[in-house]
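Here are some notes to read with the model open beside you.

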Amino acid sequence: MNLLKIKDNSSEKKENFSSIENLTDKIANKTLEQLEWEGIFVFPDLIKDAEDITEDQIILQEVKGTYRTGNVMGFLGCGDERLTIESRFCGEGEDYFFLYLISKVLHFPNIVDLQTDANQDDRLFNFLLFLFPYYLKTAMRKGLFKKYVRNRYNDGNVKGAIDIARHIKINTPFVGNVAYSQREFSDDNSLMELVRHTIEFIKGKCYGNILLAKVKDEVRLVVDATPRYKAHDRQKIIAENQKTPVRHAYFREYLDLQRLCILILRHQKHKIGAGSRQIYGILFDGAWLWEEYVCSLIGDVFYHPMNKGGKGAQWLFEKNIGLIYPDFISRDNKQRIIADAKYKPINNIGNKDYLQVLAYMFRFDAKTGYYLYPETEGTECQQLWMNRGSTYENNVTARDDINVIKLGLRIPNDAKEYDDFVKTMNLCEQEFCKFFSHT
């Protein structure tokens, strides 16, 4: 197997990709939307949830003899070629930072199982399994998925079309029953059966019960809704779902769940990406992960508006003009603070970043703004005081009441084991959160 590891938000010479030439040809200069259509699993749903990722973003862009990556991390494969995109904040060792982010944001159990002691395909498969509770809970917020199905009966209460051939076969001699079928709007359909098969498959894993415990209510509803479940029908159910993907826009979350279930169940028989032409993989938006992770740390003292999810919308002007979604707005409305999560080094924060946060500060009468970023160089937090006056009048001076602060959360990049990384991160988080303990 040919494996290449690169970093997000970096450039690599094209010749470095010679060992995975086939895979590179299939993903280079393609948008995330195109890759998703070809079978790549993108998390979160790029159209609905992500703030800094769009369907037209290119994961591997050719620029003057190099390939440039964006904010996306994850795993890709084609045939015997593998590409791993790690976080640029992980250092030269194992990418414990990426594993830690997804464990905190998605509440993954047994995250150590995803380390490099497993081969690349097994690591990808574990990610798919651990995503299942998230997608199941998200989909079932819309309720159980229902659609019209044709059910077959054999009794004396005829309500549908009589099945003459089946009636003759099973009701000869006639004893009062009639074989018939009826089209009904039911939650015991091929999609819910697919979800049930996935649940039963995960239960068979050593960590299956722990994984499903987080969605025990949803699991119970699926089990109750699928009384006709039969383990030996699995391949038939997979085939039916591949032929009839969810198309209704209202049930888009079920389309994502359907795709995930098919990937999980097909891995058991065919392995992910079987064949030299098929590309496969899973990609995570690093900026989204970082923002949600920061929210898990400071969400008790900050509001967290979410763009595209349509939650916490704010407006710059009256009559709902100038829609904005600041990352974080402090709950303290007497000493308001605006904070912006930035998945970038301190030296890359500037220009438009300044204008955006200052506009939010002006809108909410905030005197202080924060940029919250991953810190790996040991740089002290940087405090910037806003100027007043004009160079034309030669009276520029720093104000003493309005400032922005670049506050880094230190990311250890020298840990030898994942457990050591977690212990150090917990200490770093405590230091980070002290800045907001008074808010």
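1. Where is the place of Arg331? In this predicted model, Arg331 sits in the loop that links strand S15 (328–330) to strand S16 (337–341). With a relative accessibility of 40%, Arg331 counts as partly exposed. Leaving aside residues up to four places away in sequence, Arg331 touches Gly299, Asp300, Val301, Phe302, Tyr303 and Arg336. For Val301, the C-alpha atom is separated from that of Arg331 by 5.7 Å, although the two residues are 30 apart along the chain.

2. Now to the sheet that includes S15 and S16. Six strands make up this open sheet, and their order is S12-S15-S16-S17-S19-S18, with mixed pairing. Strand S12 (302–303) and strand S18 (382–388) are the edge strands, each pairing on one side only. Phe302 and Tyr303, which Arg331 touches, are the residues of edge strand S12.

3. Inside the sheet, please look at S17 and S19. Strand S17 (residues 368–375) and strand S19 (residues 397–410) run parallel and are joined by eight bridges. Glu375 stands opposite Arg410 of S19. Across these two strands lies helix H13 (residues 418–433), which runs at about 165° to S19.

4. H13 also has a helix partner. The axis of helix H11 (residues 286–298) comes within 10 Å of that of H13, and the two cross at roughly 70°. An angle from 65 to 115 degrees counts as roughly perpendicular, and H11 and H13 are therefore roughly perpendicular to each other. Their crossing is right-handed. On the H11 side the contact is made by Tyr293, Leu297 and Ile298, and on the H13 side by Met425, Glu429, Phe432 and Cys433. Sorted by class, this contact has six nonpolar residues, no polar ones and one charged.

5. Helix H6 (residues 190–203) and helix H9 (residues 234–243) have axes that come within 9 Å and cross at roughly 130°. That angle makes H6 oblique to H9, and the crossing is left-handed. From H6, the residues in contact are Ser190, Leu191, Glu193, Leu194, His197, Glu200 and Phe201; from H9, they are Arg234, Ile237, Ile238, Glu240 and Asn241. The residues of this contact divide into five nonpolar, three polar and four charged. An α-helix has 3.6 residues a turn, so residues three or four places apart point the same way.

6. How many of the 11 residues of helix H3 are buried? The count is 10, so H3 (residues 96–106) is largely enclosed by the rest of the structure. Those buried residues are Tyr96, Phe97, Phe98, Leu99, Tyr100, Leu101, Ile102, Ser103, Val105 and Leu106. Just after H3 comes His107, which takes a positive phi of about 60°; please check the backbone there when you have a moment.

7. Thr24 belongs to helix H1 (residues 21–27). Is Thr24 buried or exposed? Its relative accessible area is 4%, and Thr24 is therefore buried, the cut-off being under 20%. Not counting residues up to four places away in sequence, Thr24 touches Phe17, Leu60 and Tyr67.

Conventions: Residues are numbered from 1 along each chain as its sequence is written. This is a predicted model: local features need pLDDT of at least 70, side-chain atom pairs count only at pLDDT 80 or more; totals for chains, interfaces and linings use all residues. Side-chain values use heavy atoms; hydrogens and water are left out. Two strands pair if DSSP finds at least two bridges between them. Helices (H or I, at least four residues) and strands (E, at least two) are DSSP runs, numbered from the N terminus. Contact means heavy atoms within 4.5 Å. Axes are lines fitted to C-alpha atoms, for helices over the stretch in contact, and angles run from 0 to 180 degrees between N-to-C directions. Angles under 35 degrees count as roughly parallel, over 145 as roughly antiparallel, 65 to 115 as roughly perpendicular and the rest as oblique. A crossing is left-handed if the near helix is turned anticlockwise from the far one by less than a right angle, and right-handed if clockwise. Ala, Val, Leu, Ile, Met, Phe, Trp, Tyr, Cys and Pro count as nonpolar, Asp, Glu, Lys and Arg as charged, and the others, Gly among them, as polar. Buried means under 20% relative accessible area, exposed over 50%, partly exposed in between (1.4 Å probe, protein chains only).
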